[in-house]
Amino acid sequence: MYKLLNALLSMNDIDNKAHEQTFIHNLHPLLKLICSLVMLVFIISTYQLLELMIYTLIVIIISILAHISIKKLISRSLLGLPFSLCLGLSFLIFDHKIISFYGLMIYEGILLLILILLKTSLCLMITYLLITTTPFDQITAELIHLKVPSTFVLSLTMTYRYIYSLLNDAKTMSASYLLRNPNVKAIDLKDMGSFIGHLLVNSFNKSQRVYESMLFRGYNVETSYLRCEKFEIDNVFLLMMFISFMIVVKVMI
């Protein structure tokens, strides 16, 4: 239950962070969205460890300017560690080719493992920086402005908004379970299947009621997020400067 409470507090913390006033927060939402996508593409497409280290330095500088804790940023990036570690270990086990890495002879699988871990962590860091420096309504409005399919935007909006309600339901059910079983400290494994099943059924029913209520109140994803800030010439200049810098880093390394 304490983990669920921490998750709820974390969601609130992200929303509160997104409305702070710093240099990064005050940048245009579309500028931050495009820069994040550009960084993700450059990170995924590179196989140079030095280039990834430069991107890591950029992420750290942005987090400092946005007044976001580096410790919390790193902890959020570890969420994808189990998946990337499984993929990386497969390269480590099956790839025994020896290569020269800056004069050091190592197995190619070790280098691929390090690259996968760094790429996954950096992608999650960039995503976390985006949602903690930009209110979600602004991100949604820019996606609509970019002509992203409304079905995708609606799914993204409902998922993001319903996470809090889902965690709250899980917290309530977990508290009820522990009150009925005072001798246990957590949900027993034999009851976990029933617990998750009831949570999913309740979630489906509640999400349907929430969506129908939104429709009855005239909600339309294509018309509800039409207030977009004008993309001024200074934002175009900053975007061109950022893309040029990223290209220079890619070419020089």
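Helices here are DSSP runs of H or I with at least four residues, numbered from the N terminus. The model is predicted.

**Exercise 1.** Compare the reach of helix 9 with the expected span, then list its buried residues.

*Solution.* Helix 9 has 28 residues. At 1.5 Å a residue, 40 Å is expected. From first C-alpha to last, helix 9 reaches 41 Å, close to that value. Now turn to burial. Phe195, Leu199 and Ser203 are the buried residues of helix 9. Helix 8 (150–180) is included in what covers them.

**Exercise 2.** Is histidine 67 buried or exposed?

*Solution.* First, locate the residue. Histidine 67 lies in the loop between helix 3 (49–65) and helix 4 (70–77). Its phi is near 60°, a positive value in a residue other than glycine. Then apply the cut-off: exposed means over 50% relative accessible area. Histidine 67 has 55% relative accessibility, so this residue counts as exposed.

**Exercise 3.** Describe the largest pocket and say which helix gives the largest share of its lining.

*Solution.* Take the volume: the largest pocket holds about 700 Å³ of space. Of its 24 lining residues, Thr127, Tyr128, Ile131, Phe136 and Tyr160 are the closest to the centre. Elements that give two or more residues include helix 1 (2–18), helix 2 (29–45) and helix 7 (136–145). Helix 6 gives the largest share, six residues.

Technical notes:
Residues numbered from 1 in each chain as written. Predicted model: local features only at pLDDT ≥ 70, side-chain atom pairs only at ≥ 80, totals over all residues. Heavy atoms only, no water. Expected span 1.5 Å × (residues − 1). Buried < 20%, exposed > 50% of the residue type's maximum accessible area, 1.4 Å probe, protein only. Contact = heavy atoms within 4.5 Å. 1 Å grid on protein atoms, 1.4 Å probe; cavity = no way out; pocket = protein on both sides within 12 Å on 5 of 7 lines; lining within 4 Å. Points joined across faces, edges and corners; volume = space filled by probe spheres on them.
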